[in-house]
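Please read the paragraphs below with the sequence and the model side by side. They go from one residue to the parts around it, and then on to other chains.

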Amino acid sequence: MFIYAIRRLLIAIPVLIAASMFSFLLVDLSSDPVADYKLQLASQSTNGEIPKGAVHEFAAHLYLDRSVPERYWLWLTGIGGRGDIGLLRGKFGPSILGDNNPIGAEISDRFMITFRLVLIATLAAIVIAIVTGVISAVKQYRRVDYALTFVGFLALAMPTFWIAALIKETGIWANQQAGTTIFYTIGATSPDTSDYSAMGKAGDIVGHLILPTLALMLHGYAAASRYQRAAMLEVLDSDYVRLARAKGVRNRTVMRRHALRTSLTPIATFAPLSIAAALSGAIIVERIFNWEGMGLYVLESIQKGDSFAVMAFLLVSGMLVIAANLVSDLLYGWLDPRIRYE
Amino acid sequence: MRRKGIVFGTLALGVTVALAITACSGGAKSTGSGFEACGKHPTTCNSGDRKDGGELTWAISAGWDSWNKNRAKGNSVYLAEAVQGILPQIGHFNPDGKWWWSRDTLKAKPKLVSKNPQAWKYELRDDAKWSDGTPIGVDDFIWHWYSLTSDKSKCGDCDPAATSYGDEVKSITKDSSGAIVVTLKKGSYDPDWLTKNTITYPAHIADKHGKGWKTDPKAMAESSKWFSDNQPDYSGGPYMIKSAKIGQKETLVPNPRWYGKIKPTLDKLNLLVVSSQQDMLKALDNGELDGAAPESLDPDVSEQATGDTGIRSNLAPGPGWEHFDLNVTNKWLKDVKLREAMLTAIDVDDVNKRTYGQLTKVKRRDNYLFNQKSPYFKDTFAGSSMGTGDIAKAKKMLSAAGYKLSGGKLTKDGKQVGPFTYRYLEGHAMRKTTSELVQGYLGKIGIKANIKTIAASQLGTVLDKSDFDIVEFGWSTDPAFTTAPQQFWDSKSPSNFGRNSDKKVDTAIAKVHSTVDLKEAAGFANDAGSLVAKDAYILPVVTTPVLIVTSKKVVNVRDNWASQIRALYNMEEWGIKK
Amino acid sequence: MSDDLALVAPTGVRERGQASLVLRRFAQHKLAMGSLVVFLLIVAFAFVGPLVWKYDYHLYREIPSMEPPSLAHPFGTDRAGHDVLGQVMRGAQQSLKVAFTVAILATGIGSIWGAVAGFYRGWIDAIMMRLVDVLFVIPFLAVAAAIAGGVSGGVGWFQIALILGLLGWIGTARLVRGQVLSVREQEFIEAARAVGSSDVRIILRHLVPNTTGVILVAATLEMATAILAEAGLSFVGLGIQSPDTSLGLLINSATGAAFTHPWLFYFPGLFIIGICLTVNFIGDGLRDALDPRQTVRL
């Protein structure tokens with residue numbers, strides 16, 4: 001299994017490289033930060049002139065004076081750069097925002113913020129999905145099944161930002177009813193928590209986490225609960241459950257020992273993948289709740305044409321997806337001993 | 001506090017700009033809490049007694065990305081907002097549009113001691129000191145000058161945000177009385193020099209990071225870069241930075257050595273970047289924010305804020321103004337007769353009624369440089385049919401110029417005129433409505449306009465390459481006016497986006513800087529404006545109203561259209577209501 | 001997005017039967033049939049409605065501002081003077097056009113890609129599926145946004161559909177490949193090969209048709225995903241640009257007015273939900289109908 005994992009990771013390297021080439025091309029071709037900088041200079045200029053050399057310097061600083069393939073090669077290897085670029089040297093390249101905003105530091109700061117949101121939302125979605133999926137299956141064609149199924153489909157049919165707007169409004173309403181701020185709507189924490197106690201800090205984080213988590217988990221929940229329901233139904237319909245029942249094993253025991261456990265295999269393999277899906281959703285949720293995470297970062301970078309920053313995001317999330325895939329495969333094998341890794 | 005030069009022409013294209021609020025300086029008598037009195041008492045409205053302590057969070061519209069606002073790369077309204085509390089100032093424009101010299105920093109109003117060469121004398125108060133106890137002095141003036149000049153023998157690589165200040169100065173010296181004298185180059189006239197800020201960053205700290213900056217251009221560049229890259233731990237203003245995450249948030253605490261008369265009472269003042277106005281209003285409702293002065297006006301937000309009894313809000317004319325620009329390099333639009341007819345077909349009053357007029361009272365803007373309240377205001381469009389929406393007149397003009405209108409199509413010499421590309425920045429609700437209205441007006445004179453929005457990431461490209469036939473955008477200005485004409489209209493200006501090139505206009509612009517008398521300069525500026533109007537090139541629409549919203553617990557916060565940082569201009573006075 | 005939806009397919013779909021059998025089974029599926037009717041009504045509303053209704057999505061000076069729903073304007077009017085019914089019709093039309101185009105593109109590319117990979121196996125399969133992995137690794141929304149942001153003059157419905165379609169076919173490709181891997185071992189393929197059919201012919205005439213079930217279900221999912229993705233792009237300001245409109249754009253520009261002028265927010269919202277719900281239910285019904293073994297019925 002270990003060898004299998006290593007082999008999978010090795011295969012992932014060319015995939016990542018190809019993905020990075022592809023996205024580098026797309027991102028690079030779709031933006032022109034030099035023109036934006038010229039506009040900024042023009043609108044600041046008071047004597048009707050753009051300072052000589054400023055534009056060229058700006059372009060050179062970002063390596064925009066080189067061709068796209070050269071830039072990609074630089075980005076990957078750093079050969080021929082000034083030492084601030086080159087993935088193989090652990091450098092993400094210069095950001096349009098300048099040296100005060102190194103891409104590496106931004107990404108690592110923001111990674112945990114996003115990951116916290118994505119992880120908690122996915123876990124919550126999966127746990128609730130298991131519970132409701134099982135209930136749905138056991139009570140198939142009863143009212144509760146119809147209700148849960150409908151909720152699931154409804155969640156799948158609503159744009160994330162639509163749900164998020166409603167959730168936010170509900171949170172504010174609840175705060176007003178309670179007369180105090182329990183749920184927060186902007187940021188991952190309050191602006192300055194350095195003088196809070198440890199408990200205060202934790203409370204602050206939780207208060208900021210609840211609404212965005214709810215907004216993010218709905219889609220994942222809806223997909224997972226349908227999945228769990230189907231898996232459970234299949235198990236309930238299987239020969240060995242029928243056999244167990246026929247042998248007179250108590251219904252409760254059949255459920256817990258045989259049906260539930262077996263039905264968890266598919267969803268366990270599904271969970272890591274839904275983390276990857278939630279990453280995309282986080283882009284929108286972070287924007288709505290003003291979270292200073294990676295999603296907001298990539299949106300702002302796209303807007304500014306900051307291609308090295310966009311690339312850093314794509315790389316990190318790409319690696320996350322690959323890791324999630326691998327974990328999913330390994331879990332599958334571990335849960336279902338019939339699977340062998342060659 | 002307003003930094004000269006940069007302020008004037010910050011483009012207000014919707015996403016790119018931020019502004020702030022206003023207030024009175026000097027504590028003055030209270031005209032009660034709330035914004036009701038702001039129309040009549042712009043400098044004292046919403047004032048009141050403050051209680052000691054408290055925390056306040058103010059939203060700003062976008063992030064900043066360095067700490068030195070004298071460098072072109074980092075300079076932005078948002079950076080100006082972030083460092084407003086920690087930099088000393090010579091004075092600022094008050095919400096009544098009048099210049100107020102800082103009684104905290106100066107002993108007396110700066111004096112014009114010589115007309116040619118122009119020379120100004122500044123007398124600093126002895127108490128005016130940086131937070132480490134070093135007095136503010138002549139070196140700080142010199143450092144500021146060096147950082148804003150294109151003269152490479154003064155600074156090797158300062159990337160100056162603007163050079164019109166630094167390049168005008170000949171010398172800065174201390175006279176026998178200890179006063180500082182700034183002398184301009186001979187023949188260099190600057191009518192609104194008085195309103196220019198002359199100090200920013202501390203020279204003695206520059207010395208630590210660029211030893212000998214006064215004589216060594218390389219050391220000067222190093223100190224400038226150092227200020228850019230390092231979060232300020234110094235202060236010459238009412239606050240100090242306690243913590244900051246560049247581009248996201250900043251927490252200010254009172255500067256214990258603040259020398260000003262009015263001391264901050266707040267324990268903490270947070271500045272937080274919240275780009276979406278809707279999110280901002282929700283957070284204000286939710287008690288997470290205490291106020292904001294968004295840079296553009298979102299009609300839904302404005303409407304909700306006005307109806308929200310839990311908060312205070314005010315809508316008043318702001319620093320920006322909307323206008324249509326025609327691209328005169330288009331093969332049809334190079335004909336001034338056609339341009340005049342097109343601008344005549346546009347009904348500005350109708351546009352205003354359908355956009356900002358739905359939220360507040362607005363009037364058509366009919367001067368490029370001055371709003372109706374300015375003493376220099378003159379109706380540039382008096383007697384002109386442009387902006388009236390007089391279709392009959394437009395048609396008459398067209399047929400007189402040899403155009404034919406038949407079957408709803410305008411032709412000349414058998415060829416169809418247009419179609420024209422009409423552009424505005426995507427996401428701007430008011431400009432969206434305007435675009436559809438203009439499409440209608442032009443349709444009536446047989447001209448087709450195709451609307452193509454500009455994505456935020458394409459703005460620079462579109463304007464730089466003049467990739468439009470008609471564009472609507474906004475300029476943001478303050479009461480200092482002498483650099484704007486050149487910036488907007490000079491045939492060589494990079495921000496003359498429609499590329500109008502008129503020698504007469506260029507000559508008229510040059511005159512603005514031929515006097516030290518403001519009134520005379522204003523006359524010249526208006527003359528230049530009238531010539532531009534004759535060229536049927538730019539049509540002003542409206543002085544854009546702006547919104548300020550605050551929670552009910554804050555006092556002494558009010559909007560200031562005359563300052564780029566708006567409400568933050570008097571942040572030392574802000575406090576929690578007693 | 002399409003991937004996790006695809007994974008929801010609880011069991012491999014085993015399509016075998018005659019179309020009529022499937023149709024009969026589908027017709028018995030009440031929810032799916034009901035959804036189909038509602039969906040067709042929405043399609044008619046979007047494409048026929050504009051021909052009948054007196055206002056289109058443009059601004060009219062005689063339309064009053066911010067009127068709540070009335071007889072003259074059943075969905076109300078907005079601030080500038082648009083008839084919201086006219087806008088929702090146009091928006092639904094553009095969103096549906098995007099959805100149909102994406103479904104065609106994504107299922108077209110995806111099914112051929114998957115069939116070829118599954119048919120040849122070996123190194124061709126390996127390379128083709130690695131290429132699928134390449135797309136899988138790239139966050140869909142981020143790349144779509146980057147491209148949309150770069151289109152000069154903003155994107156129209158067709159560009160959006162193109163971007164979404166060209167990025168969104170990988171789920172279908174994986175499903176079809178899986179299906180083909182099992183179908184290709186069956187006797188009739190052997191037979192086809194024995195009589196000397198070319199590879200192209202086998203793929204197009206035998207393999208692809210035999211995976212119609214999977215493809216149809218995937219297509220319905222692609223449609224729902226495309227509509228939501230377009231809405232997401234609108235939310236970040238990179239979707240269809242005004243003066244044209246889409247359901248996503250309509251909702252997004254009305255989120256600020258959700259509580260003050262609810263008609264602006266809820267009418268387009270109901271249509272998005274309506275389309276996505278019915279399309280998902282239709283897909284569900286199809287899946288059940290195509291899989292005789294499948295007893296689950298909602």
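In this predicted model, Ala144(C) is in contact with Ile163(C), Leu164(C), Leu167(C), Ala229(C) and Leu233(C), leaving out residues up to four places away in sequence. Ala144(C) also belongs to the largest nonpolar core, which has 357 residues. The members that touch the most others there are Phe313(A), Ala144(C), Ala145(C), Ile160(C), Leu164(C), Ile227(C) and Cys276(C). In soluble globular proteins, nonpolar side chains tend to be buried together.

A helix of chain C comes next. Helix H12 of chain C runs over residues 212-235 and has 24 residues. From the first C-alpha to the last, H12(C) reaches 34 Å, close to the 34 Å expected at 1.5 Å a residue. How much of H12(C) is covered? Of its 24 residues, 23 are buried, and H12(C) is thus described as mostly covered. After the helix comes Gly237(C), with a positive phi near 85°.

Strand E7 (residues 118-122) of chain B can be followed residue by residue. E6(B) and E7(B) form a hairpin with two residues between them, and they pair in the antiparallel sense over four bridges. In this pairing, Leu112(B) stands opposite Trp120(B) in E7(B). E7(B) also pairs in the antiparallel sense with strand E9 (residues 180-184) of chain B, over four bridges. There, Val182(B) in E9(B) is the bridge partner of Trp120(B), and Ile180(B) in E9(B) is the bridge partner of Tyr122(B).

Which residues make up the covered face of E7(B)? They are Gln118(B), Trp120(B) and Tyr122(B), while Ala119(B) and Lys121(B) form the uncovered face. In a regular strand the side chains alternate between the two faces of the sheet.

The last stop in chain B is Leu269(B), which lies in strand E12 (residues 268-273) of chain B. Why does Leu269(B) count as buried? Leu269(B) counts as buried because it has 28 C-beta neighbours inside 10 Å, and the cut-off for a buried residue is 20 or more. Apart from neighbours within four places in sequence, Leu269(B) is in contact with Leu56(B), Trp58(B), Tyr239(B), Leu252(B), Met571(B) and Trp574(B). One of these, Trp58(B), is 211 residues from Leu269(B) in sequence, yet the two are 7.5 Å apart in space, C-alpha to C-alpha.

Definitions and conventions:
Residues are numbered from 1 along each chain as its sequence is written. Chains are lettered from A and ligands numbered from 1 in the order in which they are written. This is a predicted model: local features need pLDDT of at least 70, side-chain atom pairs count only at pLDDT 80 or more; totals for chains, interfaces and linings use all residues. A residue is buried if 20 or more other C-beta atoms lie within 10 Å of its own, exposed if 12 or fewer, and partly exposed in between; C-beta atoms are placed from the backbone. Two residues are in contact if their C-beta atoms, placed from the backbone, lie within 7 Å. Two strands pair if DSSP finds at least two bridges between them. The expected span of a helix is 1.5 Å times one less than its number of residues. A nonpolar core is a set of buried Ala, Val, Leu, Ile, Met, Phe, Trp, Tyr and Cys residues joined through C-beta atoms within 7 Å.
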